[in-house]
Amino acid sequence: MEKVKDYIENVVQPKIQGDGGWIEYVCLENGELTVIFRGECSKCLILHRCVSWLEQEIKRDCKVDVKINAVRKRPYFQDV
C-alpha cells in the first residue's frame with residue numbers, strides 16, 4: 001500500500017534518523033508489513049517497543065492494521 005510506504009519514508013524515517021537509526025520499507029502483503037532496521041536500530045535491545053509503537057502509529061494515521069516483520073541488517077563488519 002503506497003500510503004504506508006509514504007508514511008514510513010516521510011514521517012517515521014526522519015524520527016528514527018534523529019537517534020542514529022534507519023528504517024526501510026520492503027513490502028506490505030496480507031496485513032504483514034516488512035521493514036528493515038539499520039544503523040543503531042539494528043543493535044537496539046528494545047526494538048520490539050519501537051515496532052509496537054510503529055504498528056499503533058500506522059493504525060492511527062493510515063487507518064491500516066498491520067503486523068510488522070522487523071528485519072535487522074547490521075553493517076557487514078558487525079556480523080563477524
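Two strands pair if DSSP finds at least two bridges between them. Helices (H or I, at least four residues) and strands (E, at least two) are DSSP runs, numbered from the N terminus. The model is predicted: local features need pLDDT of at least 70, side-chain atom pairs count only at pLDDT 80 or more, and totals for chains, interfaces and linings use all residues. Residues are numbered from 1 along each chain as its sequence is written, and side-chain values use heavy atoms, without hydrogens and water.

**View 1. The open sheet has the strand order β1-β2-β3 and mixed pairing.** Strands β1 (21-29) and β3 (67-72) are the edges; each has a single partner strand, so one side of each lacks a neighbour in the sheet. From one strand to the next, the twist averages 25°. Eight bridges join β1 and β2 in the antiparallel sense, and Gly 21 has Gly 39 of β2 as its bridge partner.

**View 2. Thr 34 belongs to strand β2 (residues 32-39).** Thr 34 counts as buried at 13% relative accessibility (buried, under 20% relative accessible area; exposed, over 50%; partly exposed, in between; 1.4 Å probe, protein chains only). Beyond residues up to four places away in sequence, Thr 34 touches Glu 24, Tyr 25, Val 26, Cys 27, Asn 69 and Val 71 (contact, heavy atoms within 4.5 Å).

**View 3. The whole structure contains zero disulfides (cysteine sulfur pairs within 2.5 Å).** For Cys 50, the nearest cysteine sulfur, that of Cys 41, is 5.8 Å away; Cys 50 is partly exposed at 21% relative accessibility. Cys 62 is buried, at 5% relative accessible area, and its sulfur lies 15 Å from the closest cysteine sulfur, in Cys 50, too far for a bond.

Definitions and conventions. Axes are lines fitted to C-alpha atoms, for helices over the stretch in contact, and angles run from 0 to 180 degrees between N-to-C directions.
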